[in-house]
Structures are given as C-alpha cells and as structure tokens.
Amino acid sequence: MSCSRYEIRFSGAGGQGLILAGIIMGEAAAIFEGKQAVQSQSYGPEARGGASKSEVIISDEPIDFPKATSVDALLALTQQACDKYSKDLKEGGILLVDSDLVKKLPKGNFTVVRFPIINTAKNEVGRTIVANIVALGAMVALSGIVSRESALKAVLSRVPEAFVELNRKAFETGYNRALEARG
Amino acid sequence: MSKKVAFLQGNEACALGALYAGCRFFAGYPITPSTEVAEVMAKELPKVGGAFIQMEDEIAAMAAVIGASLTGIKSLTATSGPGFSLKQENLGYACITEVPCVIINVMRGGPSTGMPTGPSQSDVMQAKWGTHGDHPAICLVPASVQELFTETVRAFNLAEKYRTPVTVMPDEIVGHMRERIVFPEPGELPVINRTAPSVSPQSYQPYDTSFGDIPPLAAFGSGYRFHVTGLNKAQDGFPTTRADIVQAEEERQVRKIENAVDDIVTYEEYLLDDAEVVVIAFGSIARSARYAVNAARKNGIKAGLFRIITYWPFPDRQIRALAERAKAVIVPEMNLGMTVHEVRRCVEGRVPVSGIFRVDGEPISPNEIFARIQEVR
C-alpha cells in the first residue's frame, strides 16, 4: 500500500536463472542498500522449461504482501512468459523483452524496451549462461530502484573468483544495452 | 558490533533456527517445497558435531527422529503434505511415548501428490487430527523468514519443555520466499532443554507422575534403562490395559498442553482496538490481510487483523473476545474452509463469519480480502 513499494518481475522459462536474478536484486536492496525486500518465485514441476517467474518487492517500509500486485517493471525472456505474466503490469510500467523471442507485445501504455538479451549474452559477453545477469543489469538500469554499484556488488558477491570478470561484463553490457535500447 | 544480516529463504532460516535451538540430528526424505531445510542441515550439522541421515522414506525418517531424541539429542525432520501423511503413524508414537521432536511441514497443495510447487494451508487439521487417538498438538504457523527462524527455536523449546512433538507449518510462500533476516546472537533467544531425572537409574520411571504432568525424560545411553512402547503404558513404561491407568494417562497427556495454553498460544493483534471488521488469518495470507486492512483504513473502514501464530492449541479465548466487539469476521485461507470452522466454534454465532477460500496454487490477494471487507462492513 505504501507509495514506495516497487514491484519487479523476472519471467521466462525454468532454467534461465531468473530466480537467481531476483535473489540478487533482493540482496542489492536488502543487504547493500538497507531497504526492505522480499523475493518470491513461482514455477512448475519441470526442472527446465515451463513458464517461470521470480518477483522482488522493494520498499522503504516493511513489506506485507510478498507477491506482486501491480508490476512496475517486467522482464519477459519468452513469449509464453510475456503472455502469461504481463497482465498485471501497471500503466506506465516498464516492459523489457528479448527482441528475438518475444514478438507479440501486450497492448497497453508501457515503456517497452527490446533488445536481444540472450544473443547479447552469447555473442557480446561470450556465454549464454549469463543471460540472467545481462537481464539483471538491464532491469537495474531501467528501474533505477537500486544503484548500479549496489547491484554489481550483489552480483559479484555471489560469483566464484574465476567468473567475476564474466559476470561483471554481463552486468555492465546489460546495463548499457538497456539504456541504449530505451533511447 | 553490528548484527549479522542476510537475505535468506524461509526454509534456510528454519534450518538455522533449528541449529540455534541446539538441534543436532536430522532425518528426512527430500520433498518439494521443504527440501532446502534438509539441504542446509546436511551441510551444517556435520560442522557442529551433529548427524544428518536421508532415510528410505518419511515413515523411517520420523522413526529415526524419535530414536535420536530418546538419546537426548534434539531432533528434526522436514517434509510436505504427502510426507506428512506418511509420518502420522510415528507422530502418534511420539505423542504417546512423549518424545520431544520437531516436524517441519511446508504446506503445498493436496490431497495426495497435489500441486508440489503450489502454496497451500490445507494441512492445519491434519496437524491436530492426522494421527489417530486422543493426543495433544502444538502447531506453529509463521508468516515471515525472521519468524520461521524464531518459531523453529520456540518449537524446540516447547517440545523440550512439554515432552511432546511440535509441528511448524509455513505455507510454501513463507518457506520459499526470501527476506532480510537479522540473526539473534547466541543467548538472545531462550533455549530450553528437557528436564533430566533427578533420581537414580534404579528408581527412575519414564512416566513418573509424582514429578507432575511432565515427567523427566532420561537419555538412552546415560545409564537409565526403560521401556518405550506405542501401547498404553503405566508409569514404569510397560504396557497396561488397566482401565484406571489408561484413562488417567490419556487425560494427563492432553491436560499437560491444555493447562499450558497461556504459555504456548501466541498471536498478533493489528488495529483491533476499534475494529468492526476483523480478518483472521495466518502465514502468507496474513500478509495479504494486513495489506487489505491498511487499504480499508485508508477508505475509512474500521478493519483489523488477528494473526494466528500458534494454530494449535487454537486461540479460542482471544477469538471469543473479538466476537464481543466485531460486527463481522472474515477468514481467508488457502484451503476450502478449515480455520473458518474453528472460528465459528469460538464465536458461537455471536458474529457473522465468512471465509475466502483458494486452492488453485495462487495466494489470496489483498484485493480479494479488501473487496470482502467492503461487502461485510
């Protein structure tokens, strides 16, 4: 109910690392910025595939309802997720989609940002597996709800030493590409 | 020094709460959505000299927990609906033998295999009536990651103090969501250990009521030898069919909890002083309800929330008192109507009670509760 309540939803297919992206966003807010944050998820019984979502609520005040009610910023990495999870995106909200995989956009008054997220991970960063971190960087840039520095700290605190540079590059690339794509 | 803070999942906090309480044995069988409790215990128990064992099924896991506790070690198992059903037989065994232990049941959709990844609150009756026969039940229903930690500590304390199994039942949302948790320092929360016998091994009896309704429990391996059986027993632990003893023992086992409701029953009252519409809820749905109550207040409706934290024993007296002041009571829950019957029993027709029920794997939203508040005001 509080006006500072900000709702983020990462959606796509099971196995794309979206739950982890949500956790890192939550850690950035709760640990590195001292805000309140709740992360939750919903997924099917499949180990991979199937529509999956991870939600993060960030607020300056205690958070009661832990799930999204009116989404401020939505990421969709698959068409199925976009169709299923865009219904409660709020008017004026941000919709970030993978432009290769999501062709049909929901109707509504949203700020739509499109770029080939998975392909960017594969070709620009070098590993498809960091697509979730590219997406996270993009969502941090577009939402502005946590600082670039806090989010990057949260990413790097989760990563083994050998993968620090890969993840830093993924995060920064996603951050910059999202701002370019928004224009 | 600043306190240790983390962004943790409910199930992880639950396991760390168990360790804080002194739990040193875990037996279980993995099942969604409780598996993370076992994962953390498997990783952490060996570091503190404890033992973790994955059993062949949930029945055996419950048996192992009872056996381990009888050696004086605080013991835990964690499961979800289908596994909780399997544990019922041995849960009854823990009740009649009065062995302290804690069972975590992270509630998912049912019956049977149901919806493994979907949230539910439909096991609350099973927590009291799932195993056959008359027996006491203590069941705690936390609503946040922090509370899942502290209620798990409290569950061990109650188990040890009252010599009884205790269940902690977060719904899947509380078990799986992540929040900021501030870890209590050692010594900050009370940690209770069972009373050891003060008499010699020769004169020890495991159900010696001369020490009151909660007889001291000796640890196997400490020189005290006694018999443990699922049959009705006399105070020496051996089976009996003597009517007066069976009647007295059954009554004592139920009475030891009934007489302690003031120590056991916990709840949270939110904006109830002048509330005309009272929402009674627990677990994640209490969080929806709080959001709805705040929305109602902004719209000039005098709404309040009674949040159940201890589900069994049910907060009869507190809910009865609410009926004196409220004009309407709403009970939202993720089942097809369980708590609503307990509430109706308590208010005895003095105030209209309506339920909001969902079993589709989605939580009851604040809007659904707010809409009902507007209807019944």
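Visitor: How many residues does the contact take from chain B and from chain A?

Guide: Contact means heavy atoms within 4.5 Å. By that criterion, chain B contributes 22 residues and chain A contributes 23 residues. Please note that this is a predicted model, in which local features need pLDDT of at least 70, side-chain atom pairs count only at pLDDT 80 or more, and totals for chains, interfaces and linings use all residues. Residues are numbered from 1 along each chain as its sequence is written, chains are lettered from A and ligands numbered from 1 in the order in which they are written, and side-chain values use heavy atoms, with hydrogens and water left out.

Visitor: What is the area buried between chain B and chain A?

Guide: Buried area is the accessible area (1.4 Å probe) that two parts lose on being put together, summed over both. Here it is about 2,000 Å², and carbon and sulfur atoms give 62% of it. On the side of chain B, 35% of the area buried against chain A is supplied by B:Phe7, B:Arg178 and B:Tyr291, more than by any other three residues.

Visitor: How many salt bridges and how many residue pairs in polar contact are counted between chain B and chain A?

Guide: A salt bridge requires a side-chain nitrogen of Lys or Arg within 4 Å of a carboxyl oxygen of Asp or Glu; between chain B and chain A the count is zero. A polar contact is a pair of N or O atoms within 3.5 Å; within protein, one must be able to donate a hydrogen and the other to accept it, and residues adjacent in sequence count only if both atoms are side-chain atoms. Six residue pairs between chain B and chain A are in polar contact, both residues being at pLDDT 80 or more.

Visitor: Which elements give two or more residues to the side of chain B that touches chain A?

Guide: Elements are DSSP runs numbered from the N terminus: helices (H or I, at least four residues) and strands (E, at least two). Those in question are β1 (5–9), α7 (172–176), β10 and α10 (283–298) of chain B. The largest share, seven residues, comes from α10(B).

Visitor: How is strand pairing read, and which strand of chain A pairs with β10(B)?

Guide: Two strands pair if DSSP finds at least two bridges between them. Strand β2 (residues 36–42) of chain A pairs with β10(B) in the antiparallel sense over two bridges. A:Val38 has B:Glu179 as its bridge partner in β10(B).

Visitor: What is the strand order of the open sheet of seven strands in chain B?

Guide: The order is β3-β2-β4-β5-β9-β8-β14, with mixed pairing. Its edge strands, β3 (51–54) and β14 of chain B, each pair on one side only. Within chain B, β5 (residues 101–105) and β9 (residues 165–168) run parallel and are joined by four bridges; B:Val166 in β9(B) is the bridge partner of B:Val102.

Visitor: Is B:Thr229 buried or exposed?

Guide: Buried means under 20% relative accessible area, exposed over 50%, and partly exposed in between (1.4 Å probe, protein chains only). B:Thr229 counts as buried because its relative accessibility is 10%. This residue is found in the loop between β10 (178–182) and α8 (243–258) of chain B. A polar atom of its side chain lies 3.0 Å from the backbone nitrogen of B:Leu231. Leaving aside neighbours within four places in sequence, B:Thr229 contacts B:Tyr93, B:Ile96, B:Thr97, B:Gly237 and B:Pro239.

Visitor: Where does B:Val191 lie?

Guide: B:Val191 is in the loop between β10 and α8 of chain B. It counts as partly exposed because its relative accessibility is 36%. Not counting residues up to four places away in sequence, B:Val191 touches B:Tyr20, B:Ala21, B:Lys74 and B:Asn157.
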